[in-house]
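Trainee: I've got a chain open on my screen and I'd like to talk it through. Can we go over it together?

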Amino acid sequence: MEQKEVNSADHVNEDNNSLSEPNSPTLETVSGFSTCSSPVPPEPFEPLFSVKFSGTVEKDGDVVKYTIKSKKHADNNSYLVQRQYEDFEWLEHCLLTANPLPGLIVPPLPSKPAITSEMAEAKSKKQLGSDTKTLIGDQFNKDCLQLEQYLRLLLSHRLFGRDEILEKFLTEKEPPPRAKIKRGIFSRISESLETRKSTHKDCEEFFQKERDWLAKYSVQIKETNEAFCSVVYSQQRLCNVLGHLATALTLNRGSNEAIAKLESKLCSLFSEALEDARHGLQVLSYNDENSLGAYLNLYASYIDSEKEMLSQRTNLLVEYENANKALDKAKPHKKQAAEEAKLAAEKAFEDCSDVARQEIKKFHRQRVSISLTLLTNKNTDCRNCHLIAIMKDVDFII
């Protein structure tokens, strides 16, 4: 999870189950980008709060409440609040509504956990096979890690991290009053805009290189995420089979004859060995899912946030181009209004571009540094380390 940007040496978060953002390579080492035409970078933003999810999760029917511990660095005051997933959806909506600034790469909210029995059944069939009769239990620990990561990404963002809405979310006992969010009504502002593609290359090399990189990386990260999920699901299916086989062996009941007793003892020993193998595979699958799996899942979603931001900028670019054309064709008595419209469109586009440059650079620093953190995480399997290293090298080459 991202915590803060620093200029010191790389470090690893004390909590090895969460992703941190240590100091990372400069943008020049990532994807071949340069810092040309960029404004002076702002000072590193220090998060105002630190957050940690408690292991205490309350479930009442279809309602799951997560306990969040937070600490405000300015006065060392600590807070303990309970929130539902719907509160996080409302938080995201309020932050986007209060900060409609084009150019932002918004941290992605994790998908809704499987709370109802229907959701749990669908998830079990997806991971264990359509013919399974086993239901995967609640994975509250995984849900807590993902939501904790989401809050840390918001807190480390120089705009969202200062927002009073986020502070109230972390400090006020009562959850924020929320209305049901309907797609198409309370959706992101940019989603209401028609996505328009420019018929020519981007006017700035920085953004054109980013678009070219994004086109390749988005395919790679999503395909890798799907393939990795398939591996984890296969491990879970194997665990399920080993468990059934171990149980079947313990049900063996022979006669009192010596050979039958020996058979029963061998079946019992074999059952214990299968249980040990199942447990080891479960631990391996759990660590894989919460290390490399969390990274792949996060950035497969984060890429969509960047695409959305670039679409916003494209919309503003098209509006700027149209304003220029309208100015050229404007009649004398409409010239002043057309000039004002052109200047407004130009300012909106340039402001968006300035914000977008900083967001893209921060995004790449964060992305690469988290992969470096995974390489040094003791819970990361050596096989995954090799895959992460390959991914990092591919990032540098693209």
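Trainee: Among contacts in the protein chain between residues at least 6 apart in sequence, what percentage join residues at least 24 apart?

Mentor: Keep in mind that this is a predicted model. The chain has 398 residues, and 45% of them count as buried. Take the contacts between residues at least 6 apart in sequence; the share of them that joins residues at least 24 apart is 74%.

Trainee: Which element gives the largest share of the largest nonpolar core?

Mentor: That core holds 26 residues, and F53, I68, F88, L151 and L170 have the most contacts inside it. Two or more residues come from each of β1 (49-60), β2 (63-72), α1 (85-98), α3 (140-155) and α4 (164-171). The largest share is six residues, and the element supplying it is α3.

Trainee: And which residue in β3 stands opposite I68?

Mentor: Strand β3 covers residues 78-83 and runs antiparallel to β2, with six bridges joining the two. They form a hairpin with five residues between them, and N76 in the turn has a positive phi of about 65 degrees. Leaving aside neighbours within four places in sequence, I68 is in contact with residues including Y79, L80, V81 and R83. The one standing opposite I68 in β3 is V81.

Trainee: Over the face of which ring does R83 lie?

Mentor: Start with the cluster in which ring pairs link F53, Y66, F88 and F169. R83 is at 5.2 Å from the centre of one of those rings, and the face it lies over is that of F169.

Trainee: Why does the pair W213 and Y217 count as stacked?

Mentor: The structure holds eleven aromatic pairs. In this one the ring centres are 4.5 Å apart. Pairs whose planes are under 30 degrees apart count as stacked. The planes of W213 and Y217 make the pair stacked because their angle is 15 degrees.

Trainee: Are those two residues buried or exposed?

Mentor: They sit four residues apart in helix α5 (residues 205-250), so about one helical turn separates W213 from Y217. W213 also belongs to another core, of 24 residues, which lies apart from the largest one. Buried means under 20% relative accessible area. W213 has 2% and Y217 has 2%, so W213 is buried and Y217 is buried.

Terms used. Residues are numbered from 1 along each chain as its sequence is written. This is a predicted model: local features need pLDDT of at least 70, side-chain atom pairs count only at pLDDT 80 or more; totals for chains, interfaces and linings use all residues. Side-chain values use heavy atoms; hydrogens and water are left out. A nonpolar core is a set of buried Ala, Val, Leu, Ile, Met, Phe, Trp, Tyr and Cys residues joined through side-chain atoms within 4.5 Å. Buried means under 20% relative accessible area, exposed over 50%, partly exposed in between (1.4 Å probe, protein chains only). Contact means heavy atoms within 4.5 Å. Two strands pair if DSSP finds at least two bridges between them. Rings of Phe, Tyr and Trp (its six-membered ring) pair if their centres lie within 6.5 Å; planes under 30 degrees apart count as stacked, over 60 as edge-to-face and the rest as tilted. A charge sits over a ring if NZ of Lys or CZ of Arg is within 6 Å of the ring centre and within 35 degrees of the ring normal.
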